[in-house]
Amino acid sequence: MSTEWDLQICCMGAGYVGGPTMAVIAKMCPKIRVCVIDLNQAQVDAWNSPTFDLPIYEPGLPEVVKESRGRNLFFSTSINEEIARADIIFISVNTPTKTQGIGAGRAANIKNCELCARTIAEVSTTNKIIVEKSTVPVRTATAIRRVLQCNDKGLQFDVLSNPEFLAEGTAVKDLLKPDRVLIGGSQSPEGLAAAEKLVKVYANWIPREQILTTNLWSSECAKLVANAFLAQRVSSINSISALCEATGADVCEISRAVGMDARIGSRFLQSSVGFGGSCFQKDILNLVYLCETYGLDECAQYWNQVILMNNYQKKRFSEKMVSKMFNTVTGKKVAILGYAFKKDTGDVRETPSMFVARDLFEEGAKIHVYDPQVKREDMWQEMEYTCNMSPAKTPGLDEAIVTAPDAYSACSGAHALATLTEWDEFKTLDFEKIYKSMAKPAFIFDGRNILDHDKLRKIGFEVHVIGKPDPAAFTDL
Ligand code: UDX
Ligand code: ADP
């Protein structure tokens with residue numbers, strides 16, 4: 001190890017998790033050399049962009065990268081060299097749900113993790129600590145450990161699990177001030193020593209009592225369970241939103257009343273068009289698959305229902321749009337405001353907007369999408385991966401789904417607009433101007449409950465909101 005540095009860390013995978021996590025470690029630990037490596041040259045080039053035009057949009061991240069890049073933070077494709085010099089190697093590669101073979105549609109594919117382990121075993125010349133950062137099925141550490149143990153160089157590899165709890169859009173804040181850091185390791189003397197080494201890294205800025213150490217399996221499982229619980233809250237409130245629309249109750253009032261119970265808490269009770277993102281669905285499917293594997297069918301069905309409810313919510317939204325617009329959207333222009341799976345990110349993985357866009361496309365609508373951060377090529381890539389639809393294989397798709405440069409052009413001439421991501425800028429749009437430019441009757445479908453509905457109705461819009469009663473149908477409220 002170089003004497004210049006206290007420690008050398010390398011992270012395999014420069015994506016939504018690896019990039020921000022390592023940038024914050026580098027910021028908070030100037031005496032640790034941190035290098036993020038990736039197979040994808042374009043991705044690495046973007047992290048090294050002279051203008052800090054980073055490959056992911058994350059508030060506050062360019063500033064953090066600016067502070068450390070070139071000092072103790074590096075991005076590189078020199079995978080073998082960086083692995084060879086590192087003391088600690090994080091594996092932060094993508095582990096998408098399997099699309100074929102055993103467990104297809106449910107189990108996570110850990111192919112990329114295994115490949116990382118094989119590369120590490122091949123190129124290492126010194127002992128290493130390997131840290132699983134990617135969300136993985138429980139007991140993946142065993143697979144990684146076995147691959148590493150096959151090395152014939154007599155090297156020692158200690159495998160730790162250190163799941164990431166950052167949420168996109170608030171990643172920097174979450175990393176700087178996490179609720180907790182979880183480190184799982186083998187309970188052998190070597191395993192405990194490896195965990196302690198990683199604890200010391202985080203202890204540079206996180207109070208010790210917030211750094212939990214557990215056995216490997218608890219750590220892997222806790223990550224899945226945390227995401228399952230969060231998603232379950234969203235599905236629970238979304239199920240109530242349907243009841244509210246049917247009965248005249250208001251889901252926001254219910255969330256407020258229920259969330260003020262300290263035992264329940266107020267967060268993650270925001271009813272929406274459904275949850276998206278790379279984690280929730282994948283992790284629950286993973287949990288379901290695990291339960292099934294161990295013959296726990298009732299447990300599997302219980303968690304699977306969280307996903308079914310989410311699918312129902314997305315479908316319910318697009319069906320409501322069609323039914324309110326006189327049962328047809330064929331040939332009608334419809335504006336979709338917001339395509340990212342939540343605000344303050346450009347990430348479109350599993351975004352509910354995609355499912356609504358798909359349903360409207362199948363109904364023959366002309367869809368004009370505006371999102372401040374989403375790139376058109378990312379929309380297509382995700383649509384191909386998740387819906388098996390693309391401009392190349394789906395006739396008419398390229399012409400039917402248009403990306404607009406701003407909200408006003410997306411809405412001009414449209415019969416309806418739907419807010420599907422809660423971007424702040426949508427709250428302050430000039431809706432008088434938008435109303436004048438739209439076909440009449442002009443519909444608004446607020447899938448995030450972010451707009452001033454009374455004001456919009458006064459302007460002349462017909463407004464439908466997730467979880468709120470339609471005033472025309474409930475005159476006695
Ligand atoms: C999640 C976990 O929060 C994080 O700890 C983990 O590391 C990764 O997965 P992320 O997917 O980035 O993070 O975003 P999150 O804020 O959890 O939102 C997930 C989805 O739920 C989004 O589509 C969001 O819009 C939706 N959501 C969230 C709601 O619909 N209502 C809510 O009240 C909260
Ligand atoms: P996450 O949200 O988990 O961070 P991303 O898809 O954003 O997932 O990022 C994962 C990154 O891992 C991608 O940039 C991909 O190129 C990279 N990657 C995948 N396999 C390997 C590997 N074997 N070695 C290095 N990087 C890899």
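Predicted model: local features only at pLDDT ≥ 70, side-chain atom pairs only at ≥ 80, totals over all residues.
Local features require pLDDT of at least 70 and side-chain atom pairs count only at pLDDT 80 or more, whereas totals for chains, interfaces and linings use all residues. Residues are numbered from 1 along each chain as its sequence is written, with chains lettered from A and ligands numbered from 1 in the order in which they are written.

The protein chain contains 18 helices and 14 strands, where helices (H or I, at least four residues) and strands (E, at least two) are DSSP runs numbered from the N terminus. Its C-alpha trace spans about 75 × 50 × 45 Å along the principal axes. Of the 477 residues, 46% are buried, meaning that 20 or more other C-beta atoms, placed from the backbone, lie within 10 Å of the residue's own.

An automatic or database domain assignment divides the protein chain into domain 1 (7-206) and domain 2 (250-465). The domain centres, taken over C-alpha atoms, are 32 Å apart. Contacts (C-beta atoms, placed from the backbone, within 7 Å) link 16 residues of domain 1 with 16 residues of domain 2. The side of domain 1 that touches domain 2 has nine nonpolar, four polar and three charged residues; Ala, Val, Leu, Ile, Met, Phe, Trp, Tyr, Cys and Pro count as nonpolar, Asp, Glu, Lys and Arg as charged, and the others, Gly among them, as polar.

Around ligand 2 there are 20 residues, of which G13, G15, Y16, V17 and N94 come nearest; a residue is near a molecule if its C-beta atom, placed from the backbone, lies within 6 Å of it. This shell comprises nine nonpolar, 10 polar and one charged residue. Helix α5 (residues 111-123) supplies the largest share of the shell, three residues.

Methods
Buried ≥ 20, exposed ≤ 12 C-beta atoms within 10 Å, placed from the backbone. Contact = placed C-beta atoms within 7 Å.
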